[in-house]
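Please look through the sequence and the model shown here before reading on.

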Amino acid sequence: MKYILTILSASFITVSFSAKLPPGFKKCNLKQISSQMCLPQAIESAIKQMDRPIKKLGIVNLEPLEIPFLIVDAGSQFIHTQQAFKNMKLSGFNETSCTKAEFNYNTKTLNLECVVPRFRLEFNYVVDGKFLMMSVYGNGTGWAVFLDNQFELNFQFGEYEKQGKKYFNIVHQQLQMRPKDIAFQLDNLFDGDEEMSNRVQNAARENALEVFDDVKPGYEQAFGKVFAYVFGEILEKVPIYDIFS
C-alpha cells in the first residue's frame, strides 16, 4: 500500500520541528485515561477539527480526505473482480462520535470505537470481471455511503526519542468496519446500458452488507493504513508529554 502513503502526503505540509497540539485540542492526563471518559471526547473533538487547515501540525485539510489511487482485491463469493478507484474522496469525519477509547501505556496500545453516521466515498472507478457469476464492466464516476458504520481501530505503538523528547510511532494497526447499511451508485456501468446497470446494481443493493463482507478485508486494510498514516503524521510531530498532559 505504499502508493497510498505517498500520495496522501498532498494533504500535509512539511513540519520538521517539534510541535504542540493546537489550543482547541483536548488533552488527557494519563491517570484520567483509565476512567474511559476523557479520551473518547478528546479524540472525537480532534477528528472534528481536522476539517480545516491546522498549520501547527502541517495538516492542510482532511475533509474530504483524498486518495488518488486505490485497488481492492476481488472477493470469493459475490465480487470476482478487482476494483480500481481513482480520485477517491472520503468525507463525513466531522460528524464522528467516539464511544470507546482505551489506552494502555504499558502495552502501548490504543483501542477505538467510533461511529461516522454517513461515511461517504466519491470516486472514479474501473471494473471488468464478474458479479454473481455475471460479467460486469464499465468505468465512470460513482459514490457509496456507509450508514451508521462503526469503526473499531486498534493501534500498537513504538516509542523513541528525538532531540531529547519522547515520541510514539505506529508499528501496527487493525481496522474493522461494521456499517448498518450501504447505499451506492455506479454511473456508466455496462458502458451506459441502463437496463443492465439497474438490474445488477439493484441486486447488489438488496444484499449490500453481504456483498460488502465479501470484499471488506481489502477495504479495512486500505482504510486502516490511511487512518494510521494520518494519525502517524501527528505523532511524528507532537511529543508524548504534549499529547498526554
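Apart from its neighbours within four places in sequence, S197 is in contact (heavy atoms within 4.5 Å) with L186, L189 and F190. This is a predicted model, in which local features need pLDDT of at least 70 and side-chain atom pairs count only at pLDDT 80 or more, while totals for chains, interfaces and linings use all residues. Residues are numbered from 1 along each chain as its sequence is written, and side-chain values use heavy atoms, with hydrogens and water left out.

S197 belongs to helix 4, where helices (H or I, at least four residues) and strands (E, at least two) are DSSP runs numbered from the N terminus. S197 counts as buried because its relative accessible area is 7%; buried means under 20% relative accessible area, exposed over 50% and partly exposed in between, with a 1.4 Å probe and protein chains only. The side chain of S197 also makes a polar contact with the side chain of Q201, at 2.8 Å. A polar contact is a pair of N or O atoms within 3.5 Å; within protein, one must be able to donate a hydrogen and the other to accept it, and residues adjacent in sequence count only if both atoms are side-chain atoms.

Helix 4 as a whole covers residues 194-206, and because its 13 residues at 1.5 Å a residue should span 18 Å, the 18 Å between its end C-alpha atoms agrees with the expectation; the expected span is 1.5 Å times one less than the number of residues. Its buried residues are S197, V200, Q201 and A204. These four cover an arc of only 95° around the axis, and therefore lie on the same side of helix 4, the arc being that of the directions from the helix axis to the C-beta atoms. On the other side of helix 4, E195 and E206 are exposed. What do the buried residues of helix 4 pack against? Their partners are strand 5 (109-131), strand 6 (134-162), strand 8 and helix 5. At the start of helix 4, a side-chain oxygen of D193 comes to within 3.3 Å of the backbone nitrogen of E195.

The largest nonpolar core has 69 residues, among which M88, L90, F119, M177 and F223 touch the most other members. A nonpolar core is a set of buried Ala, Val, Leu, Ile, Met, Phe, Trp, Tyr and Cys residues joined through side-chain atoms within 4.5 Å. Helix 5 (residues 208-237) supplies the largest share of this core, 13 residues. Not counting residues up to four places away in sequence, F223 touches I67, L70, M88, L90, F119, L121, L175 and M177. Of these, L70 sits in strand 1 (residues 65-72) and counts as buried because its relative accessibility is 0%.

The protein chain has 6 helices and 8 strands, and 47% of its 245 residues count as buried. Among its contacts between residues at least 6 apart in sequence, 71% join residues at least 24 apart.

How far can the model be trusted in detail? The chain averages a pLDDT of 86, with 89% of the residues scoring at least 70; pLDDT is the predictor's confidence in each residue, from 0 to 100. Confidence is lowest in helix 1 (residues 2-7), at a mean of 47, and highest in strand 8 (residues 181-186), at 97. Where pLDDT is low, the predicted coordinates should not be read in detail.
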